[in-house]
Amino acid sequence: QPFFFIAGRSGPRAAALRGHGRRSARGRRRGAERAMAAATRLLRLLAMAAWFGAAEGDDVKVWGQPGYWVQLQDIRPELGQLIPAFNGGATDFTVSVSDASLRSLTLVLVLDLTKYDPQYVPRILVDGQELSYSPFRAIRAVIELGDSGAAHDRTVQIRVEDPKSESSGFTLFPQLHGHEYAIRIIRPPEPCSVVCARSLVVRNTGMQELFGKPEFQPDVLSQTIVYVVREQEYSVHATLGCPDGGGKTVQLEDGLVQSRGKAAHIVLGSERIDEVRLQCRYFDESWPPGIPAIVATYRLRFERHAYSETELRAKLMMPADVGYCEKADRQSEYLRGWNGQATTKYGFVCRTHSRDAELFATLPAQGMQSELVSQASGEVIRFASSVPSRLSLAERRQYYSLRVFNEEAETRYPVILLRVGECSELPPPAGYVLREVGEELGYASLCLEEQCGEQDKEHCFVRAASCTDLRGRCGDFGSLRPGSDTAPCGGVVCKASRDWERCCSYEALQVGTEVMLDGRRSVVYRREDDGSAPL
């Protein structure tokens, strides 16, 4: 008797069939349809050869005869795999379809045509509905799977029966002699709908968010993101927003797991580059063995960068008409009262005479950000680039932290803000005058502490110039006042417009003294009695 089967092929057609998995879903279906058409033609030729070539003594039964054959020779899904492989004794099978967009699945049912007369083929029912078919064509049962994207899990009942015979024995509802197969068809949901993470947040040990490159994409099944961490960073916290449902939602590999669930504490190794894989997994516990879980994998790559002190160096400043800031050692008397956590060896002492101070920070590189954090209240004042930020000094002495940071590094400077007195509040010592500073309120115009005192005289005052600087510069007819050689002027430089009365006089002029007046040689002929300029 002829034996019907489809063996493995080679050649261009087989190569085309092997490559169909790399095409689109539509292309794979077209390839499968072409393969089924080829199998149909082969089956038709073999069936005709078997029937017309069979001897009269062949064991062929017709309807109603004992031993009429009511089993299939094979069940072949158009897409997916039959689990377990078809054999004559099994009745329960599973077909898993990986293409979530597939809306229907075709099952090809194969009869052993050598066991039938062409006019007496068995009846085939699919879920109770008789399937119309021709024994000379491939027997196709199209199973509807519903809307694409959603999960589909149903069992299809296929029955092969003798149309004319009944089951033996007395029964209230006699049934025809037949054989049933249960085909469970599983189409998992669209992968991204159940495993693509909605969010990914990575924070360092200080719980500051790190931003990787490229940015996290919420609609991909696989992505690699690079994060730059500080040289001394040996752990991070990662929170992966896996969709709800399914089995285990987050799985970390490489043996670096400290906790499980949607949030994970990842311990980094001592190498300069570490890589960790986070996964969102979906698996239905009711699925039979052999159906793999749906997985989305996110590879987090951590690279360490050691920032130099120069790269993190910032400067805190005030507008010139408000006050000034100066760098000071952390152990200086002004910063000893600061009790925060600093990462630098120095900080800033800022002085102003106003209750409303303005500050701004100059940053070392692009991409850096800065903010001022109050040590007392925790208030955060974010600095814009080179734009002063206003803050109120309710107390005369307030402590802050200047935080300079980006996604990869951070440093903190101790800061003290002092509302101080002005040098003009102090009386000048003999022979000294206030420094001339114009409109700028700097070191020379502000006291060092809240109240001006002896400690401020050295930087608030300077020794005044003596009247000898006006020798020959007392104007027409004038000369230095007798005994004024060591007298102080009103500033560090003598000016005739300001110091003439203090340093100059006309006492040296006598009647008959020759002088130059308007470029002409003249003689003094009279003096006013009050000693003012001569007529």
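The model is predicted, so local features need pLDDT of at least 70 and side-chain atom pairs count only at pLDDT 80 or more, while totals for chains, interfaces and linings use all residues. Residues are numbered from 1 along each chain as its sequence is written, and side-chain values use heavy atoms, with hydrogens and water left out.

**Aromatic rings**

- Rings of Phe, Tyr and Trp (its six-membered ring) pair if their centres lie within 6.5 Å; planes under 30 degrees apart are stacked, over 60 edge-to-face, and the rest tilted. By this rule there are nine aromatic pairs.
- One of them joins Trp-63 and Tyr-120 edge-to-face, at 5.1 Å centre to centre with 85° between the planes. Trp-63 lies in the loop between α2 (25-53) and β1 (74-77) and Tyr-120 in the loop between β4 (104-110) and β5 (123-126), so the pair ties together parts 57 residues apart in sequence. Helices (H or I, at least four residues) and strands (E, at least two) are DSSP runs, numbered from the N terminus.
- Trp-63 is partly exposed at 27% relative accessible area, and Tyr-120 is partly exposed at 28%. Here buried means under 20%, exposed over 50%, and partly exposed in between (1.4 Å probe, protein chains only).
- Tyr-346 and Phe-348 are also edge-to-face, with 6.0 Å between centres and 80° between the planes, and both are buried.

**Charges over rings**

- A charge sits over a ring if NZ of Lys or CZ of Arg is within 6 Å of the ring centre and within 35 degrees of the ring normal.
- Lys-327 lies over the face of Tyr-346, 4.6 Å from the ring centre, and Arg-403 lies over the face of Phe-405 at 3.7 Å.

**Nonpolar cores**

- A nonpolar core is a set of buried Ala, Val, Leu, Ile, Met, Phe, Trp, Tyr and Cys residues joined through side-chain atoms within 4.5 Å.
- The largest core has 33 residues, and those touching the most other members include Leu-72, Leu-109 and Tyr-181. Among the elements giving two or more residues to this core are β4, β5 and β8 (152-166).
- A second, separate core of 30 residues includes Ile-186, Cys-196, Tyr-227 and Trp-287.

**Thr-344**

- Thr-344 is found in the loop between β19 (323-329) and β20 (346-352), and is buried at 11% relative accessible area.
- Leaving out residues up to four places away in sequence, Thr-344 touches Arg-330, Thr-411, Arg-412, Tyr-413 and Pro-414; contact means heavy atoms within 4.5 Å.
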